[in-house]
Amino acid sequence: MHSTLLSLITYLPLAGALLAFLCGGRGADQDRTSKWLGLWTSIIVLGLSVVMWCGFDPLQPGLQYQERLSWLSDYGISYHTGVDGISLAFILLTAFLTPLAMAAGWRTVQTQARDFVVAMLMLETALFGVFSAQDLVLFYVFYEATLIPASLMIGVWGGPKRVWASLQFFLFTFGGSLFMLIALIAMWLHAGTTDIPALMQAGFSWQSQVWLLLAFVLAFGVKLPLFPLHGWLPDAYSEAPTPASAMLSGVLSKTGAYGLLRFGVMMFPDAAHMFAPYVLALGVVAIIYAAFIAFAQTDMKRVIAYSSFSHMGMIAVGLFTLTAEGIDGAIFQMLSHGVVIAALFFCVSAVAWRSETRQIDALGGVARQMPVLALLTMLFTMANIGLPGTGSFVGELLVLMGAIHVSFWVALLAGSTMIMGAVYMLTLYRRVLFGSVKGTVGLLRDLTPVEIAVLAPLAIVTVWMGVHPGSFTRLFDPVVMQAFHGGMDAVASTSHQAVTHLASR
């Protein structure tokens, strides 16, 4: 059981998708059956992920739950999967959000529900594959596989501009992945294998590292997204149906940050020093630029979309501080942001579905009609700002601790996300939930038991991450410390010199 647990977690959603696709009945009966099948499949997968978490030993270095099968063995390519603390954290995030997204789409996805469940479960399998792949070709296959169900969910079940949003998302990400494919082939030619642990020891020359890292930054920078590769994000997030928005912002954007960490910072540390000042600058620009754009939005969902972009800039800053604290903070922020941003999309959806509008100006006084929603939304708004006691505060604090090693100005500008986040999030909260009751708001009813069942676990995890962050950091901190142990002072001074050099120019 121990050796096959990872495969079971990875492919059970795919089996569920196949069953849902083949399930009998017609119309409403078929939709209901497939929804229940999708929900129970994702709940069982979550249970198995928790079992894997309980059996995982964070103090044991290296990979656990490994599986290796012969694939294209003549070319040094194998089916190799396994998890370390970083992988496990993201597998848990994916397994946690999927059943909640399924339940959130119960009422909002009215047409072709069976196909929606199939797409959702296929996306879950592809995400598990991305986070557990230990072969670069396998990683690439799973990374590309996430594109198909995600694009379909936007294009079929999205809003009025869904086809354009889906096309943008697909072309941006697919175009970025081409750079990864070229880098992958170059690495295979150098090392004769695509096995990731072997490539970590392959000893690429400094010049090779620079070109390979540039390719990976372009590939993963689209998914993150890194400024200015974010053109697809506002439309994709705002046009996607709510469950898809939650998965896109909660997990799918994290595959970009995960890839940058695995194949940028950890695999090419020398080149990462050279790139650090530029990526730090782009991260800071994203934080400030997205915050200003968020403040100007008139659509609730677009405010949350730009808020997500701003926070992903913070994660990019954490990764490229090249310090243990910064990278721990970036990983923690990814997990926390995944939970909070999904919750905010669910809260916006609850109001928009009832009032049939997402326009901020058309709403007001919602708190009088929906006090439970107002309470939960306040918690998630505060978490998004980075209030102490929530997970986001821990992540942002660690990122800033890493950034201060590099440059006071990077830390100060990155930290401005807390102030600007408070401005646009509290403005949104005040305008929608307080003030005089407008339009049809007087007819709204509070959250249903199903909606509370979706939001309550997210609220619990948000507070849990803020109050007891050690239960999560103990998973990935040993991996980060092992990767950066001994080189910390050199990294900090190199990055500091590079930033100072940029500033002087």
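Student: Is C54 buried or exposed in this structure?

Tutor: In this predicted model, C54 is exposed, with a relative accessible area of 66%, and that value lies above the cut-off of 50% used for exposed residues. C347 is buried, with a relative accessible area of 3%, which puts this cysteine under the 20% limit for buried residues.

Student: How many disulfides does a search of the whole structure find?

Tutor: The general idea is that a disulfide is a covalent bond between the sulfur atoms of two cysteines. In the present case, a search through the whole structure finds zero disulfides.

Student: How many aromatic pairs does the structure hold, and how should I read one of them?

Tutor: A pair of aromatic rings is described by two quantities, the distance of the centres and the angle of the planes. There are 24 aromatic pairs in the structure. One of them joins F90 and Y258, whose ring centres are 5.7 Å apart and whose planes stand at 75 degrees, so this pair is edge-to-face. The pair links distant parts of the chain, since F90 belongs to helix α3 (residues 85-108) and Y258 to helix α11 (residues 242-265), 168 residues apart. F90 is buried, at 0% relative accessibility, and Y258 is buried with a relative accessible area of 1%.

Student: Is the pair of F139 and Y143 stacked or edge-to-face?

Tutor: The centres of the rings of F139 and Y143 are 5.7 Å apart, and their planes are at 20 degrees, so the pair is stacked. Both residues lie in helix α5 (residues 136-145), where they are four residues apart, about one turn of the helix. F139 counts as buried at 0% relative accessibility, and Y143 counts as buried at 0% as well. Ring pairs also join F139 and Y143 into a cluster with F204, F216, F220, F263 and F268.

Student: Which residue lies over the face of Y143?

Tutor: That residue is K223, which lies over the face of the Y143 ring at 4.0 Å from the ring centre. T173 itself is placed in helix α7 (residues 162-191), and T173 is buried, with a relative accessible area of 2%.

Student: Where is A257 found, and which residues is A257 in contact with, leaving aside its neighbours within four places in sequence?

Tutor: A257 is found in helix α11, and A257 is buried with a relative accessible area of 0%. Leaving aside neighbours within four places in sequence, A257 is in contact with L224, I315, L319 and M334.

Student: In which sense do strands β1 and β2 pair?

Tutor: Strand β1 (residues 64-72) and strand β2 (residues 77-83) pair in the antiparallel sense, over six bridges, and Q64 stands opposite V83 of β2. The hairpin of β1 and β2 has four residues between the strands, and in this hairpin G76 takes a positive phi near 75 degrees.

Student: Which residues have a positive phi of about 55 degrees although they are not glycines, and where is the cis peptide bond?

Tutor: Most residues other than glycine have a negative phi, and most peptide bonds are trans. Y65 has a positive phi of about 55 degrees although it is not a glycine; Y65 lies in strand β1 and counts as buried at 4% relative accessibility. L322 likewise has a positive phi of about 55 degrees without being a glycine; L322 is found in the loop between α13 (300-319) and α14 (324-355), and L322 is buried with a relative accessible area of 2%. The peptide bond from L224 to P225 is cis, with omega near -10 degrees, and P225 is found in the loop between α9 (206-223) and α10 (233-239).

Technical notes
Residues numbered from 1 in each chain as written. Predicted model: local features only at pLDDT ≥ 70, side-chain atom pairs only at ≥ 80, totals over all residues. Heavy atoms only, no water. Disulfide = S-S within 2.5 Å. Buried < 20%, exposed > 50% of the residue type's maximum accessible area, 1.4 Å probe, protein only. Phe/Tyr/Trp six-rings, centres within 6.5 Å; stacked < 30°, edge-to-face > 60°. Helix = DSSP H or I, 4+ residues; strand = E, 2+ residues; numbered from the N terminus. Lys NZ or Arg CZ within 6 Å of the ring centre and 35° of its normal. Pairing = 2+ DSSP bridges. Contact = heavy atoms within 4.5 Å.
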